[in-house]
Amino acid sequence: MYFQKDFECMPQIDIKRLQGEKLVKQVKYVYDNVECYRKRMDEAGVKPEDIKGLDDLKKLPFSYKSDLRDYYPYGLFARPMKDIVEIHASSGTTGKRIVVGYTKNDLDMWADCSARMLEAIGATKDDIVQVSYGYGLFTGGFGLHYGAQKMGLTVIPISSGNTERQIETMIDFGATILACTPSYALYLAETAEKMGVVDQLKLKAGIFGAEPWTEEMRKQIEEKLHIKAYDIYGLTEIVGPGVAFECSEQAGMHINEDHFILEIIDPETLEPIEGENKLGELVFSTIDKEGFPILRYRTRDLGFIKTSKCKCGRTFVRLSKPKGRSDDMLIIRGVNVFPSQIEEILLQNCDRGITANYQIVVDRVNNNDTFDVYVEMAPDLFADDMASIEGLQKLLVDKLRNILGIGAKVTLVNPNSIARSEGKAKRVIDKRKLV
Ligand code: DLL
């Protein structure tokens, strides 16, 4: 059992008190140990002593993804490297990745959060969880892995990819829980159907997140794999998977409020939005992290909270499925992609006969994201022999893969063939219907 009732079922009034107490300490800790926060608080005229409880949170300045780039790689760590035991990373707004570090205590807290998610979907020590989230710098694989081990489940750390092999493994090793992105779950389901082996699977539940997905997708996954499909939410900057999780009610994701504070703000006016069911930008603060604490982080995810009582008994407020973003970040095959990253690569290669006029087209075909990048060739360097065009396309594919970590299909197109817009250039056409 990994139901931490003392925290997960605490009356809201006590949760708020606990959050306030932890916040006071975290703010002082951050001020004393991280230059960026110290400077920003000094500029805003806020001292750690001004933060006496939860109500004072709004006095603190916001933090942004760009801070992680500006202080790349370790500038926002609050502990010396000798205390950091693990690093994770994901894409930033330009070519630079954002980097976070965990101390031993942080890993322990992360594992707790992740174990709570598995407990909430009914996992027991008899379960075998196939972790098909990517392992490595992405937080998905290790996040689920640590939680499952903490709970005493058996882990199959297979990582993502090699789909037929995944199915064979699931069958042969008797996996009962599948952890991966929802789009990969659907792809696995379809592959299992094609292989004619769905009946041989022993899966009972899936724990899916890292990208937007719809109730319709949930229904499809549940029907095809004969399982219950649960949503989990998280982001690298906070703790990867483990920020919020669905319980058996599948009615919103309980936020691990003893470790993280969620505020909802209007992304235009930056004013707080109080009350349930009101859409706004999610802003998170950690309150007991050591290695990479973060305060008032603007996630750019849009969502709302539900405060009504949940039948499962947990009192942590629930987060809606994120309803899109207030910036231009795309999530393609679970990987965060910013158009600016692509633009930067094109600009660096303009001397090779291309321009930075481009268009990204994303779609979902057979439950797999497709990712096309159309790039205009330069009129003066316009090459019409196939070999050099193909060579250049390949070079761009490699460069994009290096920076983004996923494959794109690059097509060079004739000069002036990408439609010009009268206002902002329409760089992205996302044909997926995800929210
Ligand atoms: O995706 C962490 C994670 C791993 C969460 C495994 C769940 C499972 P990042 O790569 O930093 O971290 O991407 C974070 O992904 O800001 C959201 O926009 C999006 N996202 C994450 N979970 C969900 C979800 C991981 N359940 C970004 N629904 C976030 C919709 C999600 N979007």
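Is Phe-142 buried, partly exposed or exposed? With 26% relative accessibility, Phe-142 counts as partly exposed, a label for values between buried (under 20% relative accessible area) and exposed (over 50%), using a 1.4 Å probe and protein chains only.

Before you click on, know that this is a predicted model, where local features need pLDDT of at least 70, side-chain atom pairs count only at pLDDT 80 or more, and totals for chains, interfaces and linings use all residues. Residues are numbered from 1 along each chain as its sequence is written, and side-chain values use heavy atoms, with hydrogens and water left out.

**Stop 1: aromatic rings**

Helices here are DSSP runs of H or I with at least four residues, strands are E runs of at least two, and numbering starts from the N terminus.

Searching the whole structure turns up nine aromatic pairs. In the pair of Phe-142 and Tyr-146, the ring centres are 5.7 Å apart and the planes meet at 35 degrees, so this pair is tilted. To pair, rings of Phe, Tyr and Trp (its six-membered ring) need centres within 6.5 Å; planes under 30 degrees apart are stacked, over 60 edge-to-face, and the rest tilted.

**Stop 2: charges over rings**

Jump to Trp-213. The charged end of Arg-218 sits over the Trp-213 ring, 5.7 Å from its centre. For that label, NZ of Lys or CZ of Arg must be within 6 Å of the ring centre and within 35 degrees of the ring normal. Then try Phe-62, where Arg-298 lies over the face, 5.9 Å from the ring centre.

**Stop 3**

Asp-301 has one 2.6 Å from a ligand oxygen. Arg-325 places a polar side-chain atom 3.2 Å from an oxygen of the ligand. Taken alone, the ligand exposes 610 Å², and the protein buries 98% of that (areas by the Shrake-Rupley method with a 1.4 Å probe).

**Stop 4**

Most residues other than glycine have a negative phi, and most peptide bonds are trans. Stay with Ala-210, in the loop between strand 6 (205–209) and helix 9 (215–225): its phi is near 85 degrees, a positive value. Next comes Arg-296, in the loop between strand 11 (280–286) and strand 12 (297–303), with phi near 50 degrees. Arg-296 counts as buried, at 4% relative accessibility.

The peptide bond from Tyr-72 to Pro-73 is cis, with omega near -10 degrees. Pro-73 is in the loop between helix 4 (65–70) and strand 1 (86–91).

**Last stop: Gln-26**

Where is Gln-26? Look in helix 2 (residues 12–33). At 3% relative accessibility, Gln-26 counts as buried. Its side chain reaches the backbone nitrogen of Ile-287 at 3.2 Å.

How values were computed
Polar contact = N/O pair within 3.5 Å; in protein donor to acceptor, adjacent residues only side chain to side chain.
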